[in-house]
Amino acid sequence: MVSKKSYEEKWGPHSHCVICGNAIPEGEKYCSDICKKKYEEELKKASRQQKISYIFIVAMGALLVAMFLLPYLFGQ
Ligand SMILES: [Zn+2]
């Protein structure tokens with residue numbers, strides 16, 4: 001019979017694969033090279049999206065500043 005407690009005792013402190021959730025040695029991130037590749041692809045995708053949202057925020061900031069400055073430039 002395998003209860004959750006004996007599972008913990010058998011494996012001791014351990015981590016879980018960030019992709020599929022398999023139990024892996026503590027300090028590891030993935031259970032296999034396949035999951036590692038998947039994770040790295042996710043990271044690449046996320047950093048690409050971050051870059052896009054960063055550009056978007058900068059553009060919105062510039063627009064906001066322009067809207068504040070325009071009355072000063074043309075108002076008087
Ligand atoms: Zn995995």
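The chain has two helices and two strands, and from the N terminus on these elements run α-β-β-α. Helices here are DSSP runs of H or I with at least four residues, strands are runs of E with at least two, and both are numbered from the N terminus. This is a predicted model, in which local features need pLDDT of at least 70 and side-chain atom pairs count only at pLDDT 80 or more, while totals for chains, interfaces and linings use all residues. Residues are numbered from 1 along each chain as its sequence is written, and side-chain values use heavy atoms, with hydrogens and water left out.

Confidence next. pLDDT is the predictor's confidence in each residue, on a scale from 0 to 100. The chain has a mean pLDDT of 88, with 84% of its residues at 70 or more. Where is confidence lowest and where is it highest? The lowest is helix 1, residues 4–11, with a mean of 63, and the highest is helix 2, residues 33–74, at 94. Where pLDDT is low, the predicted coordinates should not be read in detail.

Now burial. Buried means under 20% relative accessible area, exposed means over 50%, and partly exposed is in between, using a 1.4 Å probe and protein chains only. The chain has 76 residues, of which 7% count as buried.

On to the strands. His-14 lies in strand 1, residues 14–16. Is His-14 buried or exposed? His-14 counts as buried because its relative accessibility is 16%. The side chain of His-14 reaches the backbone oxygen of Gly-12 at 2.9 Å. The side chains of His-14 and His-16 are also joined, by a polar contact of 3.3 Å.

Ser-15, also found in strand 1, counts as buried at 19% relative accessibility. A polar atom of the Ser-15 side chain lies 3.3 Å from the backbone nitrogen of Gly-27.

Pro-25 is in strand 2, residues 23–25, and is exposed, at a relative accessible area of 54%. Between Pro-25 and His-14 there are 5.0 Å in space, C-alpha to C-alpha, although they are 11 residues apart in sequence.

A salt bridge is a side-chain nitrogen of Lys or Arg within 4 Å of a carboxyl oxygen of Asp or Glu. The whole structure has one salt bridge. Glu-42 forms a salt bridge with Lys-45, and their closest N and O atoms are 3.6 Å apart. Because Glu-42 and Lys-45 are three residues apart in helix 2, about one helical turn separates them. Both partners are partly exposed: Glu-42 has a relative accessible area of 44%, and Lys-45 has 43%.

Last, the surface patch. Phe-56, Ile-57, Met-60, Leu-63, Leu-64, Met-67 and Phe-68 form a nonpolar patch with about 810 Å² of accessible area together. Patch residues have over 30% relative accessible area and no salt bridge; like charges are joined within 9 Å, and nonpolar side chains (Val, Leu, Ile, Met, Phe, Trp, Tyr) within 5 Å. Areas come from the Shrake-Rupley method with a 1.4 Å probe, and for residues only the protein chains shown count as cover. Leu-64, one of the patch residues, is in helix 2.

Terms used. A polar contact is a pair of N or O atoms within 3.5 Å; within protein, one must be able to donate a hydrogen and the other to accept it, and residues adjacent in sequence count only if both atoms are side-chain atoms.
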